[in-house]
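Subject: Structure handover

Hello,

Here is the structure for your files. My notes on what was found in it follow below.

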Amino acid sequence: MIRFFIFSGYFEWMAYLVITGQIDKYLNVHYRYLIYLTMLLSLFFSIAQLIIWVRESNKKRSTNKISKYMSNFIVYCLISLPFLTGFALPNIGLDSQIVNTKGFSFPLSKESVGDPYFQTQYLAPDTSMYFNQTIYKKRMLKKLDKYKDLNTIHINDTNYLDVMELIYDFPNSFYNKKITIEGFFYKMNKSEQEYRFIFRFGIVHCIADAGVYGMYTKNISSKHMNNEWLSVSGTVSQEYFAPLKRELPVLNVDKAVKIDKPKSEYVYLNDV
């Protein structure tokens, strides 16, 4: 009977997340088919366990089985804890308040720790860890072909992570190109210097690899408030960025217009 509750509980929890659209806060939307598959399996197993329980319900249970049932009960409680937690705790996804509350700080780069296997992601998504270098290079060059001859590029929810990665991988190919980008404004004070950014939260595969991605901006008004959503247009250049001690692509803003917060603050990698 306990197994039935575990499987049916998982099915109900997943169904709730799918129906409310909150499943998109946990994994890339292109992986929804996996959730549907697990829902079907959990429904099948819950029905199977219910049939088994009904068939065995009339059998005698001897007193020497009590300890066995108790140990099984404890095991099942531990197994069911994750989805019980999901029901009990509020479902709050990543949003701009996380950056505002904790502050934005750059993680250590692999050069700074002397470990070539130490992987970090900041500002730009890095999908190179999911491919060998030959495949990754071909993949990015193919994507670059779509944008290298364009003078104006509109970055939207669909191509956000792709274009961001290309800008950081091939900054010279985007030099002086005009881009339009939507995201939330964030300003960081470091070493008595104010740095202003446009960010979006992005998911490559699931919430475990989610990060905040965007660009360092220049010529944007400091009157904008943190977490204020903007549509920003400007040209791309490159500049030495002191906090990271390296050159970074920079968006020289020509126009910044306040917009409504989108229904989903997340952007996703498409070709996963």
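Predicted model: local features only at pLDDT ≥ 70, side-chain atom pairs only at ≥ 80, totals over all residues.

**Helix α2 and its surface**

T38 is partly exposed, at a relative accessible area of 28%; on this scale buried means under 20%, exposed over 50%, and partly exposed in between, with a 1.4 Å probe and protein chains only. T38 sits in helix α2.

Residues are numbered from 1 along each chain as its sequence is written, and side-chain values use heavy atoms, with hydrogens and water left out.

Helix α2 covers residues 32-56 and also holds F44. F44 is exposed, with a relative accessible area of 54%. Together with L37, L41 and F45, F44 forms a nonpolar patch on the surface, with about 390 Å² of accessible area in total. Patches take residues with over 30% relative accessible area and no salt bridge, joining like charges within 9 Å and nonpolar side chains (Val, Leu, Ile, Met, Phe, Trp, Tyr) within 5 Å. Accessible areas come from the Shrake-Rupley method with a 1.4 Å probe, and for residues only the protein chains shown count as cover.

**Overall make-up**

The protein has seven helices and seven strands. Helices (H or I, at least four residues) and strands (E, at least two) are DSSP runs numbered from the N terminus. Their order along the sequence is α-α-α-α-α-α-β-α-β-β-β-β-β-β. Of the 272 residues, 40% count as buried. The protein exposes about 16100 Å², and carbon and sulfur atoms supply 58% of that area.

Helix α6 (residues 133-144) has twelve residues and spans 16 Å from first to last C-alpha, close to the 16 Å expected at 1.5 Å a residue; the expected span is 1.5 Å times one less than the number of residues. Its buried residues are Y136, R139, M140, K143 and L144. They cover an arc of only 135 degrees around the axis, so they lie on the same side of α6; the arc is that of the directions from the helix axis to the C-beta atoms. The face turned away from that side carries the exposed residues T134, K137, K138 and K142.

The buried residues of α6 pack against α7 (160-169), where contact means heavy atoms within 4.5 Å. In α7, nine of the ten residues are buried. Their cover includes α6, β2 (178-190), β3 (193-203), β4 (211-218), β6 (246-258) and β7 (266-268).

**Salt bridges**

There are seven salt bridges, each a side-chain nitrogen of Lys or Arg within 4 Å of a carboxyl oxygen of Asp or Glu. Three of them are described here.

- D162 pairs with K143, the closest N and O atoms being 2.6 Å apart. D162 lies in α7 and K143 in α6, so the pair ties together parts 19 residues apart in sequence. Both residues are buried.
- D254 pairs with K178 at 3.2 Å between the closest N and O atoms. D254 is in strand β6 and K178 in strand β2, so this bridge ties together parts 76 residues apart in sequence. D254 counts as exposed at 54%, whereas K178 is partly exposed at 31%.
- E239 pairs with K218, with 3.1 Å between the closest N and O atoms.

Regards
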